[in-house]
Structure formats: C-alpha cells, structure tokens
Amino acid sequence: MIKLKVKILGRWYERGGKTIKEALMKIKVPVVKGGSTVVIDNGEKVKEYVFNSFITRNFFGTANSNNKEIAVKLLESRL
C-alpha cells in the first residue's frame, strides 16, 4: 500500500492506493496554484519531493490524461 501526501497552499491532502497512479488519481485539489510538496510512503521508504507550479498543475489540475501519465512516470522513476 502506497500513501501519498500532498501539501498545496498550506493544506495537506492524503490518499492511499496499490500504485502511485491510483493514489494520485484519488486526490482532488480544489485550487492548484503555486508549488507543492509530495511525500510518498511505500512502507519501506519515505521520499519527499518539491515540485514547481507547472508540474503541480500537471499532477492535480485540469491537465489532459497524457500530462498526468507523464507526471506519474516521473514519480515512479524517482521512487
């Protein structure tokens, strides 16, 4: 089980799933402005990343599915 925590504009959003993609797709952020801090916990490792506003919009904004797939691959490669 992978736990994904995201901090955007001072608020934390947390979801879990079997894969990073599943956890990422469950998170619904009402306002996507500025950068974000993403914490990934898969039980054995805990990784923390800071992303700029462009990548944050691709993850959680109204980006098309291709951009979200690229963002998921970026996170999976770093874990």
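**View A. Strands β1 and β3 of the predicted model.** Strand β1 (residues 2-8) and strand β3 (residues 36-41) run antiparallel and are joined by five bridges. Strands are DSSP runs of E with at least two residues, helices are runs of H or I with at least four, and both are numbered from the N terminus. Valine 6 stands opposite valine 38 in β3. Residue numbers start from 1 along each chain as its sequence is written. Because this is a predicted model, local features need pLDDT of at least 70, and side-chain atom pairs count only at pLDDT 80 or more, while totals for chains, interfaces and linings use all residues.

**View B. The sheet.** Four strands in the order β2-β1-β3-β4 form an open sheet with antiparallel pairing; two strands pair if DSSP finds at least two bridges between them. Its edge strands, β2 (11-17) and β4 (46-51), each pair on one side only.

**View C. Helices on the sheet.** Helix α2 lies across β1, β3 and β4 and runs at about 115 degrees to β4. Helix α3 packs on the sheet, touching β3 and β4. Contact means heavy atoms within 4.5 Å.

**View D. Helices α2 and α3.** Helix α2 (residues 53-60) packs against helix α3 (residues 65-78) at an angle of about 110 degrees, with the axes 8 Å apart. Axes are lines fitted to C-alpha atoms, for helices over the stretch in contact, and angles run from 0 to 180 degrees between N-to-C directions. The contact is made by Ile55, Asn58 and Phe59 of α2 and by residues of α3 including Ala71, Val72 and Leu75.

Conventions. Heavy atoms only, no water.
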